[in-house]
Amino acid sequence: LEYIWNTTTGNWTESAKWTPNGTPGATDTAWLGKTGTTAQVVTLLANQDVMGLRFTPDNAGSLCAVTVDGAGMTLNLGSAGLNDAGSRGGTSRTINPDIVLTAAQDWQSGDNRCPMYVNGDVSGAFTLTRKGNGNIFIARPNPDFSGNVIGQNSGAFVLNGDGATLGTGAFTFAGSGVGASAKATGGGNVGVYALTNDVTVTANSTLRTEGLVRYTGSFAGGAAFNLTVDRVRDYPNYGLFSFDPGAGESYTPGTGTTTLSNAGYAVKDVGGGVLTLNSENLNIGGGILVLDNLSWADLMANRSGGYNTAGANTWQFSGGGGFAARGTPVEITAGNGIGTSTFDRNFTLGITTRDADGTLFANQPVTVNVATVLTAVRTVSVPCTGAGATDNPYTVAHVLKGTWSGPGALAMAPANTVGLGTGTGDSTLPELVLAGANAWTGGI
């Protein structure tokens with residue numbers, strides 16, 4: 001049976017506030033937010049059983065925020081799961097009680113403008129599948145959840161609280177993955193999350209994050225499936241994914257394309273010359289590639305197919321994206337198809353993402369030692385490391401080396417926060433060092 005909440009606020013057991021009159025139970029679905037524009041709140045005063053929660057409004061005019069309250073209470077949730085398939089507008093759905101999965105189920109959030117917040121503990125051993133294009137935010141560590149997690153469509157499970165995880169089960173990226181919000185969980189100003197879950201990719205998938213997500217379990221790239229790294233919400237940020245398999249774990253890259261759209265991706269050597277990167281193609285768009293204790297020569301050996309070419313082990317670089325370094329400095333040099341126009345574009349050096357102790361994750365400078373002809377005004381962004389750092393926030397001085405020429409001007413961003421330095425790292429601003437035979441006529 002389907003019970004529809006017919007008022008604004010009340011307790012779950014107030015039967016007159018449901019249509020039909022009664023209280024939903026273990027074989028029923030509770031429909032909240034079906035009609036009306038005023039926020040709805042239903043509160044659990046005791047543990048409850050329900051087959052599923054539905055949040056979908058029945059028409060475009062029925063847009064209201066919905067909260068299931070009762071922190072500390074338990075909602076035993078059956079096979080219908082959480083369903084917000086038709087959500088629209090800028091409203092949210094918030095579930096505060098603890099959730100126990102009593103069956104395999106889908107959690108569906110249909111629109112990224114209508115986030116779903118799961119703020120209680122999640123437990124159980126059944127498979128949990130995330131569907132839809134909206135994001136579902138997870139607040140708790142959830143050590144008692146051991147079910148497998150499947151991500152479908154283009155939304156994301158987003159970790160959103162101190163130590164938040166999705167339990168200990170395996171992750172399947174079948175359209176989407178598990179990322180993180182920018183909510184601070186340690187020192188510094190972004191969320192930092194370490195996940196031990198094993199990952200298998202079974203379809204082209206978009207991974208969304210605002211914080212640092214480090215996967216330490218095994219990874220199986222799975223044939224020619226593509227990974228796109230992007231942001232969670234519609235404002236720029238530089239979250240980061242790092243696949244860093246621990247002792248006894250394996251990394252098997254797929255043969256698809258890794259595309260960096262609006263977030264970062266850390267690449268390292270996991271042994272035997274295998275890089276934590278899908279091996280077919282690398283497309284650096286608006287995101288940042290972080291070389292983690294990896295030299296430019298190491299990366300280029302893995303990109304033997306060349307720059308802006310077709311085929312295996314190729315790579316592309318478009319406006320706004322860029323490079324950062326962790327552990328050891330990186331010097332980008334010509335060769336492997338890099339020409340005078342490669343850096344004739346807006347690009348970024350460095351990334352703001354922080355490690356758990358508040359220090360900069362990409363803590364080493366990047367030198368661009370490539371002859372470049374600037375044909376128009378080009379902006380080099382050196383991200384400010386931001387407030388909350390435990391290290392000197394301006395210790396990375398990136399370098400433009402080689403011959404830079406042409407009629408274009410060189411602009412630096414963010415405005416008024418980047419200094420032309422000496423490379424000593426002691427400026428009061430993030431530094432961009434000009435160290436080559438610079439002959440462009442456009443000025444700075």
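These entries record the side-chain contacts that I looked up in the structure.

**Entry 1. Basis**

I worked on a predicted model, in which local features need pLDDT of at least 70 and side-chain atom pairs count only at pLDDT 80 or more, while totals for chains, interfaces and linings use all residues. Residues are numbered from 1 along each chain as its sequence is written, and side-chain values use heavy atoms, with hydrogens and water left out.

**Entry 2. Salt bridges**

I looked up the salt bridges (a side-chain nitrogen of Lys or Arg within 4 Å of a carboxyl oxygen of Asp or Glu). The structure holds 13 of them.

I began with R208 and D230, whose side chains meet in a salt bridge at 3.7 Å, N to O. R208 belongs to strand β22 (residues 205-208) and D230 to strand β25 (residues 227-230), so this pair ties together parts 22 residues apart in sequence.

I next took E331 and K401, which form a salt bridge at 4.0 Å, N to O. E331 is in strand β35 (residues 330-333) and K401 in strand β40 (residues 397-401), so the pair ties together parts that are 70 residues apart in sequence. E331 is partly exposed, at a relative accessible area of 34%; K401 is partly exposed, also with 34%.

R378 counts as buried at 19% relative accessibility, and D344 is buried at 12%.

I also recorded one network, in which salt bridges that share partners join R214, D244, K268, D292, R326 and D355.

**Entry 3. Aromatic pairs**

I then turned to rings of Phe, Tyr and Trp (its six-membered ring), which pair if their centres lie within 6.5 Å; planes under 30 degrees apart count as stacked, over 60 as edge-to-face and the rest as tilted. The structure holds 18 aromatic pairs.

The rings of Y117 and F137 are stacked, because their centres are 4.9 Å apart and their planes are at 25°. Y117 lies in strand β12 (residues 116-118) and F137 in strand β15 (residues 135-138), so parts 20 residues apart in sequence are tied together. Y117 is partly exposed at 22% relative accessibility, whereas F137 is buried at 2%.

F243 and Y265 form a tilted pair, 5.9 Å centre to centre with 45° between the planes. F243 is in strand β26 (residues 240-243) and Y265 in strand β29 (residues 264-267), 22 residues apart. Both F243 and Y265 are buried.

I found a cluster as well: ring pairs link W296, Y307, W315, F317, F323, F343, F347 and W404.

**Entry 4. Charges over rings**

Lastly I checked for charges over rings (NZ of Lys or CZ of Arg within 6 Å of the ring centre and within 35 degrees of the ring normal). The charged end of R54 sits over the ring of W31, 3.7 Å from its centre. R326 lies over the face of F361, at 4.1 Å from the ring centre; R326 is also a member of the salt-bridge network.

Methods: Helix = DSSP H or I, 4+ residues; strand = E, 2+ residues; numbered from the N terminus. Buried < 20%, exposed > 50% of the residue type's maximum accessible area, 1.4 Å probe, protein only.
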